[in-house]
Amino acid sequence: MTEHARNLPGVLEPEGVWRNVFDYHPLDVEIVRAEGVYLFDPDGNKYMDATGGPMAVNVGHGDKRIADAINAQMQNYAYCHPYMASRIRADFCNAIAEHTPGDLGPTYLVSGGSEAVETAIKIARQFHCLTGNEGKHKIVGLYGSYHGMTLGTMALSGSPAYNKYFDPMMPRWPHIPQYTDVGRPADVDRDEWGRRCAEELAHILHYEGAGTVAAFIATPVGVGSDYGLFAPDSYWQTIRQICDDNNVLLIADEVVTGFGRTGKWFAMEHFGVVPDLMVMGKGIASSNMPLGGVTVSERINTPFKDGARFLHGFTNQGHPLACAAGLAVLDVLERDKLIDNARIRGAQVSNNRDRLVAHPTVANLTGRGLLMVMELVESKETGAYFDGERDAEHLFQSVALTHGLVFYSSLYGSRRGAVARGLPMWISPPLTITESELDDLLDRLDATLTEWESLLGVNQA
Ligand code: PLP
């Protein structure tokens with residue numbers, strides 16, 4: 001905590017009641033109840049969930065319909081061996097298939113995003129082995145990306161700060177730079193730039209040997225300082241073409257962007273591109289239950305449908321209670337038209353762009369739907385974020401709490417690349433948020449930014 005923050009909420013030490021929770025240093029506001037877009041502390045103070053947890057709470061907190069669905073399943077059976085025929089699992093997978101783009105249909109269910117990414121890369125690998133391409137084993141990812149915290153997903157992610165202690169334990173998979181508008185020459189339009197950025201994939205396939213590469217994985221929108229940035233359609237369409245030309249599978253990681261967050265069921269729909277595998281998590285059950293999944297296309301499904309066993313499995317895969325939660329979430333998203341609301345409320349945030357970027361620390365606001373992201377910087381001139389010593393991200397969270405807002409901490413401060421860029425900060429509340437609640441959120445955010453800047457000694461206009 002910085003010296004400025006003495007009167008602000010700090011961090012709980014792992015002492016007293018917290019002592020047996022390994023590595024637990026949460027912010028010292030205890031949450032005892034949640035409803036809609038609000039979280040409540042023991043004194044009844046309420047805080048808006050400004051980031052929907054880590055962009056995971058799509059349906060508002062405490063939706064009784066989801067609780068009832070979980071309860072109803074519990075009355076029947078809470079669990080059965082994953083290889084027993086469990087109807088709720090089939091019903092949920094069928095419901096997902098009604099919304100996934102193109103011919104993406106069958107889903108393998110797991111317990112979270114990292115497990116889902118691991119599962120996708122194993123499906124990609126086994127698919128190639130089953131179709132006569134045993135040499136294809138590498139997965140190309142993006143520098144600065146994040147796909148989870150297991151060793152396999154960290155090998156994909158391009159975030160050296162997190163890999164610090166674990167690098168020797170992981171394969172060294174290749175990475176390429178992501179699409180960014182920074183550095184685009186003035187005489188090159190976005191469409192052309194999108195095609196040029198996508199060519200990075202062709203280059204790495206040339207140098208690694210396409211015969212050794214099983215898949216390319218990326219999130220549909222930018223990561224790190226470009227979090228939430230939408231590339232032009234030409235980027236994804238060129239990536240799709242390069243994958244097809246080289247028999248490299250395209251894995252879209254929709255853990256954050258899926259289930260309505262960007263104003264469509266899945267973000268790849270914005271680009272008119274259908275991946276071979278789509279990874280899901282977070283919003284899939286709106287984090288009412290631990291749940292994730294991988295949906296595959298007809299082509300990927302074929303050798304498995306024809307009898308090859310996927311060498312994989314978890315005790316809790318397709319857990320009946322999680323399926324009940326997921327099925328209810330899909331129903332609420334549709335019934336309450338939450339994806340439309342995400343689009344409308346996203347436009348409302350965009351309408352406040354001028355007010356936000358007027359702050360000396362807000363270099364940019366980007367995104368769609370309720371995946372809106374500010375790039376926070378120390379100075380717009382240098383484009384750089386505050387020095388790590390100043391703990392500015394944590395200070396932001398603490399100040400926000402005193403203004404009644406809960407922000408997820410990205411830790412991107414330590415994950416930024418070599419180029420001077422800012423820290424992403426999300427405006428990603430539950431998709432249930434109303435117009436007046438969002439206005440309130442934006443007013444509180446404005447006040448948070450002003451106080452944060454003042455505490456950090458940033459000059460305000
Ligand atoms: N993929 C992406 C894009 C993510 O942002 C995350 C988590 O933030 C994951 C995968 C991992 O999901 P989980 O934390 O549920 O394991």
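**Close-ups of a predicted model**

In strand S12, Met 372 is the bridge partner of Gly 367. Before we zoom in, remember that this is a predicted model, where local features need pLDDT of at least 70, side-chain atom pairs count only at pLDDT 80 or more, and totals for chains, interfaces and linings use all residues. Residues are numbered from 1 along each chain as its sequence is written, and side-chain values use heavy atoms, with hydrogens and water left out.

**View 1. Strand S11 meets strand S12.** Strands here are DSSP runs (E, at least two residues), numbered from the N terminus, and two of them pair if DSSP finds at least two bridges between them. S11 (residues 362-368) and S12 run antiparallel and are joined by six bridges. Their hairpin has two residues between the strands, and Gly 369 takes a positive phi near 60° there.

**View 2. Strand S12 and its other partner, S14.** S12 also pairs with S14 (residues 423-427), in the antiparallel sense, over five bridges. Look for Met 372 again: its bridge partner in S14 is Ile 427.

**View 3. Strand S12, covered on both faces.** A residue is called buried under 20% relative accessible area, exposed over 50%, and partly exposed in between (1.4 Å probe, protein chains only). Six of the six residues of S12 (residues 371-376) are buried, so the strand is largely enclosed by the rest of the structure. On one side sit Leu 371, Val 373 and Glu 375, and on the other Met 372, Met 374 and Leu 376, all buried.

View 4. Residues around the ligand include Gly 112, Tyr 146, His 147, Thr 219 and Val 255; being near means having a heavy atom within 4 Å. The shell splits into three nonpolar, six polar and two charged residues. Now check the side chains: an N or O atom of Ser 114 is 2.6 Å from a ligand oxygen, one of Asp 253 is 2.7 Å from a ligand nitrogen, and one of Lys 282 is 2.9 Å from a ligand oxygen. The protein covers 80% of the 390 Å² of accessible area that the ligand has on its own (Shrake-Rupley method, 1.4 Å probe).

**View 5. Cysteines without a disulfide.** A search of the whole structure finds zero disulfides (cysteine sulfur pairs within 2.5 Å). Cys 197 is in no disulfide either, with the nearest cysteine sulfur, that of Cys 243, 16 Å away. Cys 93 counts as buried at 16% relative accessibility, and Cys 197 is buried with a relative accessible area of 10%.

Conventions. Polar contact = N/O pair within 3.5 Å; in protein donor to acceptor, adjacent residues only side chain to side chain. Nonpolar A, V, L, I, M, F, W, Y, C, P; charged D, E, K, R; others polar. Helix = DSSP H or I, 4+ residues; strand = E, 2+ residues; numbered from the N terminus.
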